[in-house]
Amino acid sequence: MPQRPIYRIAALAVAAAVLLGTASFGFDAAWQSQFTLPAYAAQEPLAATSPGTIGSAAASAGSPVKSPAPGGATAPADQRSAAALPQAQPTPIPVQPQSVALSNRIVDYDIAVKLLDDNQLEASQTLTWKNPGRKPVTDLYLHLYPNAFAPGSTFLNESGGELRGVKMTPGKDGGIDLTELTTESGETLLPRLRYVQPDDGNVRDRTLVAFRLPKAVAPGQSVTVRMKFTVKLPQVFARMGQAGDFVMAGQWFPKVAAYETAGVRGRAAEGWDLHQYHGNSEFYSDFGIYSVKIDVPEDRVVAATGFQYKQPVAKNGRKVYQFYAEDVHDFSWSASPKFVTAEDSFSSAGVPGVRIKLYLDPQHAKQEERYMHAAKSALAKLGEWYGDYPYTTLSVVIPPSDAEGAGGMEYPTLVTGAAAKDDNPGYELERTLVHEIAHQYWYGIVASNEFEEAWLDEAFTSYTEEKLMAAIYGVAPRTAIESLYMTNPQPLKLDSWDYGSSNAYAENVYMRGKLVLKAIEAKTGEKTMSKIMRTYFQKYRFKHPDSQAFQRVVEAVSKEDWKDFFQAYVYRGESADFAVASVRTEPDDEGGYQSNVLLTRTQGSPQAATVLFRFKDGKTVRKTWDGIQSHIQIRLQSAAPLDYVAIDPMLDIVLDHSRFDNYLKAEVPKRQRTKFDVTLGQLIDAIVGGMAW
Ligand SMILES: [Zn+2]
C-alpha cells in the first residue's frame, strides 16, 4: 500500500516549504507540462493479436475490448495507447497455463464464490496443501482475515478502526464463518477448530484458526480439505469490503498459513509462520494455483487475479466469471456494475506478453490513457531493470470515491489505484499506480514476509516507485527532505505490530527503509546498485528471502563488507546524525585567527562526510571527514575569523535525520542554537502532525 508515505511526504514537503522557504512542488503544474510521452514512444503500434493469445481468445468469446465510457474518450484503447508503448514488440500472449512451474506450488485452491444481494459472500473451497518440509505435519492453520473486521479483533484494537485516515463505519463490521470443513472423504473437521492468537493472546481475535488433521501429512505428500464459508463484507475502510454496489474482495477466503522450511529466511527448524491480522501488518503466503469461479448479479463486471478463461454467460439474472492463476500467493477480486473497462496487450524486453486490463470508476473514465500509459511504462521499466514479468495479465481497479479504503493496494496480478475522487488528479494517480505495480516484483514475485520484515516489500517498492516516477515522468525524488521526518527510528527487521503506532510503522518500513536503500546507492553508485537490485530479484524470485539474503547480495555485488551498515541501519534501526557540535574562533598571536571545531557522528555506521568551512573574508574550504570515529576535533589557522561550519552541505548523507545541527555559526552561543533547534523541530512536527495521511 502506498498512501501513508505519500501523504506524509506531501505533508512534510509543505512543512519544509513553509519553513525553509523553498519552492513548492506544484504537482498540478508539473502534470500539465511533464506528462508527455517519452522520446522512444514513437513506435509502431502493436500488431493484431495472433491466434492462441488471450486477446484473440477473449475476442472469439465475444469479450468487449472496451465498454462505453460515459463522457469518456471514444477511440478504441488499442489504437490510442499503442503510441505510448515503450519498446513494444508484438509477442503472442499465451492463453494456456505455464508448462513450467516457476514457484514451489505448495497450495492449490479451487473456489466457487457467490456474491449475494446483501453484500455477503457464500463460497465453497477445496484446498490442497503440499508439505514442503522434511517432517510430518499434524495440523493445518488457516487465516480467516475477514474476522479482522469483527468486534474485539486485534486489528480493530490496534488500528482503532481506522486505516490511512479512513474510518470504519459504526455497525458496518464484517466477518467470516466457516460452516463446513471436511476431509476428502467427508469426515467433518469442524469440531477440531481452535482459534489461536500467537501474537497477543487476544481470545476475541479469530483471524487464525488451527485444526488437527486425521492423519499427519508426510513430507512431500499432500492433504485435501473441503470447506464452505460465508463472508459478511464490511463497509470498506481497510482494503476489503463493499461500498454500495462496489465490492473489493481481498483476504476474503480461508487461506492456509505459510510453512517455512529450514533455511528459509534463516530458519533453523521448519514450521508454520503464524500471525494474526494486525493494524500495521500486511500479508505473507505460499505460492500455488488458484482456480476461482465468481458468481455475481449479471450487471456486475468482475476483475480478478489471474486470467479469465471463460466468458460468462448471463443466466437467471446471474453470471459466473472463471479465473485461473498460478505461481501466485493470493487471489483477490473486485466487482462493480459501473466499471468502465479497457484492455490492451503489451510486451517489451522483460515483459514477454501481458494483457493489461483497466476497471475504472466512471469518474476516471477520462483518465484511461494515463492509467494505461503508467501501467505499460512501469512494467517495461521493471522488466528491463529487474527481470521478466512472469504473468500474462495485470488488472487495475480504480475504486469509487466512497471506497477510498480499497484503493492503493497490491494483490498478485491485480492492483488498486487511488480511489477516483477528483476529475483530473495530479501525479498521485501515476504514483499510486506505479507503486502498486512495483509491488508485483517485491511483494508478488520475491514474496517477502510482510509480517516480520515488511521493509523488504514496502521500502523496496517505495524505492522502485521513486525510480519509476523519475524515469517515466521526470519527477525528482525528495530524499533530502524526507530524512528530516525520521523521528522514531526502529529496526527494520521487526514484527510490523511492534512498531507501535502506524506513524512509526510507516516512517520506518516505507521511508527509512527506502533511505537505507538510497544510502547503499549513494555508496556504491547507481550502476552497482541497479546490479544489486537485479541480482537480488533474480536470485530470490519466488523464494521468500530475508534481510540477510539482501545483505549477502549487496556484499557479493559490491565486493565490500556491509556488516556495520546493516547492523546499524537495518538491525539496530538507527539513523545517522552528523553535527557541528561547537565552533570557537579567536585571534592568535600572529595576527590571524585560530579556530576549534568539534564534529560528531552519533548513531549509524562509519561514513565519510564533507565539511565546509566558511571564513569572514568569504573564503571557503571543503574537507572530508572519514567519520570512522564518533567525533573529531579540528584546529584551523586562518587569516580571517571563521564564520560558520557546515557538515554534509550537499545533503549526501540521506539517512541524517537531524540536519538542523549540521550547521553552526561561530558567533552563535550553543545555548541559543539548541533552543532554536528544538523550536524548529517542534514546528515541523506540529504541521505534519496536524495533517491527515
Ligand atoms: Zn505499498
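Start your tour by selecting helix α13 together with α10 (502–524) and α12 (547–558), which are among what covers the buried residues of α13. Helices here are DSSP runs of H or I with at least four residues, strands are E runs of at least two, and both are numbered from the N terminus. Before you go on, note that this is a predicted model: local features need pLDDT of at least 70, side-chain atom pairs count only at pLDDT 80 or more, and totals for chains, interfaces and linings use all residues. Residue numbers start from 1 along each chain as its sequence is written.

**Stop 1: inside α13**

Which residues of helix α13 are buried? Select Phe 565, Phe 566, Ala 568, Tyr 569 and Val 570, in the helix that covers residues 563–571. A residue is buried if 20 or more other C-beta atoms lie within 10 Å of its own, exposed if 12 or fewer, and partly exposed in between, with C-beta atoms placed from the backbone. Next, click on Gly 573, which follows α13 and has a positive phi, near 70°.

Two of those α13 residues lead you onward. Select Val 516: leaving aside neighbours within four places in sequence, Val 516 is in contact with Tyr 569 and Val 570, and also with Ala 459, Leu 492 and Leu 655. Being in contact takes C-beta atoms, placed from the backbone, within 7 Å.

**Stop 2**

Zoom out for a moment. The protein has 14 helices and 31 strands, and buried residues make up 49% of its 693 residues. Of the contacts with a separation of 6 or more, 72% are between residues 24 or more positions apart.

**Stop 3: α6 against α7**

Now pick helix α6 (residues 368–385) and helix α7 (residues 428–446). They pack at an angle of about 35°, with their axes 9 Å apart. The axes are lines fitted to C-alpha atoms, for helices over the stretch in contact, and angles run from 0 to 180 degrees between N-to-C directions. Which residues make the contact? On α6, select Arg 370, Tyr 371, Ala 374, Ala 375, Ala 378, Leu 379 and Leu 382; on α7, select Leu 429, Glu 430, Leu 433, Val 434, Ile 437, Ala 438 and Tyr 441. Colour them by type and you get 12 nonpolar, no polar and 2 charged. An α-helix has 3.6 residues a turn, so residues three or four places apart point the same way.

**Stop 4: two open sheets**

Go to β7, β8, β3 and β12, in that order: these 4 strands form an open sheet with antiparallel pairing. Strands pair if DSSP finds at least two bridges between them. At the edges stand β7 (194–195) and β12 (255–256), each with a single partner strand, so one side of each has no neighbour in the sheet. β7 joins strand β8 (residues 208–217) over 2 bridges, and there Tyr 195 stands opposite Val 209. Strand β3 (residues 137–143) pairs with β8 over 6 bridges; look for His 143 opposite Leu 208.

The other sheet is β25-β26-β29, an open, antiparallel set of 3 strands. Its edge strands are β25 (577–587) and β29 (631–638), each pairing on one side only. On average, neighbouring strands in this sheet are turned by 15° against each other, direction ignored. Strand β26 (residues 593–602) is joined to β29 by 8 bridges, and the partner of Thr 600 in β29 is His 631.

**Stop 5**

Select Asn 119, in the loop between β1 (107–115) and β2 (120–130). Its phi is positive, about 60°, although Asn 119 is not a glycine. Is Asn 119 buried or partly exposed? Asn 119 is partly exposed, because 19 other C-beta atoms lie within 10 Å.

Arg 265, in the loop between β13 (258–260) and β14 (271–273), also has a positive phi, near 50°. Arg 265 is buried, because it has 20 other C-beta atoms within 10 Å.

Finish at Asp 299, in the loop between β15 (288–297) and β16 (301–304). Asp 299 counts as partly exposed, with 13 C-beta neighbours inside 10 Å.

Notes. Two residues are in contact if their C-beta atoms, placed from the backbone, lie within 7 Å. Ala, Val, Leu, Ile, Met, Phe, Trp, Tyr, Cys and Pro count as nonpolar, Asp, Glu, Lys and Arg as charged, and the others, Gly among them, as polar.
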